[in-house]
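Let's take a friendly walk through a protein model, one piece at a time. Keep the picture open while you read.

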Amino acid sequence: MSRSAHPAGPRHADVLPEGHYFAPPADLNVLEPRVWSRTVDRNEDGVATVAGLDVTRLAEEFGTPAYILDEEDFRARCRSWREAFGEAADVFYAGKAFLSRAIVRWLHEEGLNLDVCSAGELSTALAAGMPAERIALHGNNKTEAEIRYAVEAGVGRIVLDSFQEIVRVAHIAERLGRRQRVQIRVTVGVEAHTHEFIATAHEDQKFGIALANGQAAEAVRRALKLDGLELVGIHSHIGSQIFDTSGFEVAAHRVVGLLKQVRDEHGVELPEIDLGGGLGIAYTPDDDPSEPHEIARALREIVERECRTAGLAVPRLSVEPGRAIVGPTTFTLYEVGTVKELPGLRTYVSVDGGMSDNIRTALYDADYSVALVSRTSTAEPLLVRVVGKHCESGDIVVRDAFLPADIAPGDLIAVPATGAYCRSMASNYNHALRPPVVAVRDGAARVIVRRETEEDLLRLDVG
Ligand code: LLP
């Protein structure tokens, strides 16, 4: 959807901020490939399909709301990340975006590693057979129990996030008779162009150890002295949903600067650098993200150039994409319950889910697109707000979008690009039951995370 200064706005254009008009897409029935997973299409009856499966049949079989995940798309994205970075680099999928046992198996089969940030994610990874040495543990406040669990399991790396943690991990490893491979997470002081809540490299925040004031160099000094730790590298993650590589360039420059300082001071060349995740995806057709091979080339060139200038051997590079792998693979399928036209204001289309299955619009003012998927329509475009069923007026799924003006109760609509940070941030607000994740591939569908039931809610309520 494009914001334009087109004076002949659609119905209800008067409620948009002054000077902004939404131009409806040329054909509302077209499912733009940029925001839909690669096997999405429409059949001859006009019903949307994914992996050859009709969405109305999926809704009948699995109910709505449901997250429909295109497994082929997921695997293809894993492969393109791995191939783009090649043998000289490692791709760690960031499990926080969405994790389940099936996801772990696919990652394993496609040759990716896994970044986890809690005991829960670690146990899912191990339960599904991810080799521990291919797992990295993150987090700004890992508990002693989480650290012990990870060290005992033999995770490939723990990313240290504070001075206390350097000592904590070292002691735990020593007590267990281990030498734990670790990286130090630094904050490089980059202002990433993204929402404040998901920017992580500016100095005033809870993650990492600051480079600029010398604390990161001090962290290296301390880590190198501890027998329980094998310091293998430096880690930086600048934020999330980022479209340009300039922030990574500054980050790589500063991280390599620290490697040089470490070499000069300690005579040690740390062999790894991790530039984190954060690469953006298309939530609407206006977004234009880079392809993995473009990102890989840019990051490799930056690191090689910086190392050449610093006279360092090029360290092994790793990256941690979450959203860019799983985000585009999934759409959320909803059924329309009510359509409320407020004359002169706007039309509210209410669906059977909402902020409990997608908190991103409420939390980050995120943009999404939406389409009518159970049929096509030749009705004129109507500017609507898609809202959920929660007891809160901020319960918005898609703030401003066009649907055909004949949108009606019983229609199925779908919101694409909901694979990342939707199921993983889903809640039981209003005792909503979290939707299932249904994986589809080659004409077959299977539930990989089942829908919650009222019994699930009552099981936890032991009072
Ligand atoms: N590595 C580290 C250390 C991270 O903290 C994150 C995300 C990633 C990798 C993966 O970032 P990605 O490639 O998925 O952007 N809930 C927010 C996003 C929070 C991201 C947290 N860290 C959202 O819905 O936009």
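## A tucked-away threonine

If we skip its neighbours within four places in sequence, Thr-361 is in contact with Ala-366, Tyr-368, Ile-396, Val-397 and Arg-399. One thing to keep in mind from the start: this is a predicted model.

Where does Thr-361 lie? You'll find Thr-361 in helix α11, which covers residues 360–364. And is Thr-361 buried or exposed? Its relative accessible area is 0%, and anything under 20% counts as buried, so Thr-361 is buried.

## Two helices crossing

Next, have a look at helix α2 (residues 71–85) and helix α3 (residues 101–109). These two pack at an angle of about 40 degrees, and their axes are 10 Å apart. That angle makes α2 oblique to α3. The crossing of α2 past α3 is right-handed.

Which residues make the contact? On the α2 side they are Glu-71, Phe-74, Arg-75 and Cys-78, while α3 brings Ile-103, Trp-106, Leu-107 and Glu-109. Sort the residues of this contact by type and you get 5 nonpolar and 3 charged, with no polar ones.

## A strand with two partners

Now for strand β17, residues 346–351. Of its 6 residues, 5 are buried, so β17 is largely enclosed by the rest of the structure.

A quick bit of background: strands of a sheet pair through backbone hydrogen bonds, either parallel or antiparallel. β17 shows you both kinds. With strand β16 (residues 330–342), the pairing is antiparallel and runs over 6 bridges. Leu-342, for example, has Arg-346 in β17 as its bridge partner. β16 and β17 also form a hairpin, with 3 residues between them. In that turn, Gly-344 has a positive phi of about 75 degrees.

With strand β19 (residues 381–387), β17 pairs in the parallel sense, over 4 bridges. Here the bridge partner of Thr-347 is Val-384 in β19.

## A three-strand sheet

Last stop: an open sheet of 3 strands, in the order β3-β4-β5, with antiparallel pairing. Which strands sit at the edges? They are β3 (41–42) and β5 (53–54), and each of them pairs on one side only.

Zoom in on β3 and strand β4 (residues 48–50), and you'll see that 2 bridges join this antiparallel pair. Asp-41 stands opposite Thr-49 in β4.

Methods: Residues are numbered from 1 along each chain as its sequence is written. This is a predicted model: local features need pLDDT of at least 70, side-chain atom pairs count only at pLDDT 80 or more; totals for chains, interfaces and linings use all residues. Side-chain values use heavy atoms; hydrogens and water are left out. Axes are lines fitted to C-alpha atoms, for helices over the stretch in contact, and angles run from 0 to 180 degrees between N-to-C directions. Angles under 35 degrees count as roughly parallel, over 145 as roughly antiparallel, 65 to 115 as roughly perpendicular and the rest as oblique. A crossing is left-handed if the near helix is turned anticlockwise from the far one by less than a right angle, and right-handed if clockwise. Contact means heavy atoms within 4.5 Å. Ala, Val, Leu, Ile, Met, Phe, Trp, Tyr, Cys and Pro count as nonpolar, Asp, Glu, Lys and Arg as charged, and the others, Gly among them, as polar. Buried means under 20% relative accessible area, exposed over 50%, partly exposed in between (1.4 Å probe, protein chains only). Two strands pair if DSSP finds at least two bridges between them.
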